[in-house]
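Please keep the sequence at hand while reading.

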Amino acid sequence: QLQLMESGGGLVQPGGSLRLSCTASDFTLDYYAIAWFRQTPGKEREGVSYIGRFDGTRNYADSVKGRFTISRDSAKNTVYLQMNALKPEDGGHYYCAAGFLPPDKTTAEMTDDDMSYWGKGTLVTVSS
């Protein structure tokens, strides 16, 4: 089973920044749309952002637009999620996932079923 690996989570104060990384050792991320999902206790996992295949379309949840940026580094086989101006409600377990998304699909419309491979998640805590 191919797997992704997330890193970069941690504890940060409100207003601070974190950069999450998603990489894979067994396959090339460029061939897939890569998405970030977030899950908090008692809530369903929700899409945060995705980047289309070969550094294509970028899409963001309304709650993170203007604060989060998703990008690829093909040479490092890594996708990043730069998170700025963090709020307590941004906290949760962040998962990256790889799949094939239609180019007109929004982050809000993404579901777990759209993605084929997942990481185990990294925890982000935003608190003073």
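This is a predicted model: local features need pLDDT of at least 70, side-chain atom pairs count only at pLDDT 80 or more; totals for chains, interfaces and linings use all residues.

Lys105 and Asp114 are both buried. Their side chains meet in a salt bridge, with 2.9 Å from N to O.

**Salt bridges**

- The count of salt bridges comes to seven, and the pair of Lys105 and Asp114 is one of them.
- Lys65 and Asp62 also form a salt bridge through their side chains, at 3.1 Å from N to O.
- In that pair, Lys65 is exposed and Asp62 is exposed as well, whereas Lys105 and Asp114 are both buried.
- Glu46 forms a salt bridge with Arg38, and the closest N and O atoms of this pair are 3.0 Å apart.
- Arg38 has a relative accessibility of 5%, so it counts as buried, the cut-off for buried being under 20%.
- Glu46 has a relative accessible area of 38% and is therefore partly exposed, since that class lies between the 20% and 50% cut-offs.
- Arg38 and Glu46 also belong to a network of salt bridges that links them with Arg67 and Asp90.

**Disulfide**

- A search of the whole structure finds one disulfide.
- The disulfide is formed by Cys22 and Cys96, whose sulfur atoms lie 2.1 Å apart.
- This pair links distant parts of the chain, 74 residues apart: Cys22 is in strand S3 (residues 18-24) and Cys96 is in strand S9 (residues 92-99).
- The torsion about the S-S bond of Cys22 and Cys96 is about 75°, so the disulfide is right-handed.
- Cys22 is buried, and so is Cys96.

**Sheet**

- Strand S3, which holds Cys22, is part of an open sheet of four strands in the order S1-S3-S8-S7.
- The pairing in this sheet is antiparallel.
- Strand S1 (4-7) and strand S7 (68-73) are the edge strands, each pairing on one side only.
- From one strand to the next, the twist averages 20°.
- S7 pairs with strand S8 (residues 78-83) in the antiparallel sense, over six bridges.
- Asp73 has Thr78 in S8 as its bridge partner.

Technical notes:
Residues are numbered from 1 along each chain as its sequence is written. Side-chain values use heavy atoms; hydrogens and water are left out. A disulfide is a pair of cysteine sulfur atoms within 2.5 Å. Helices (H or I, at least four residues) and strands (E, at least two) are DSSP runs, numbered from the N terminus. Buried means under 20% relative accessible area, exposed over 50%, partly exposed in between (1.4 Å probe, protein chains only). A salt bridge is a side-chain nitrogen of Lys or Arg within 4 Å of a carboxyl oxygen of Asp or Glu. Two strands pair if DSSP finds at least two bridges between them. Axes are lines fitted to C-alpha atoms, for helices over the stretch in contact, and angles run from 0 to 180 degrees between N-to-C directions.
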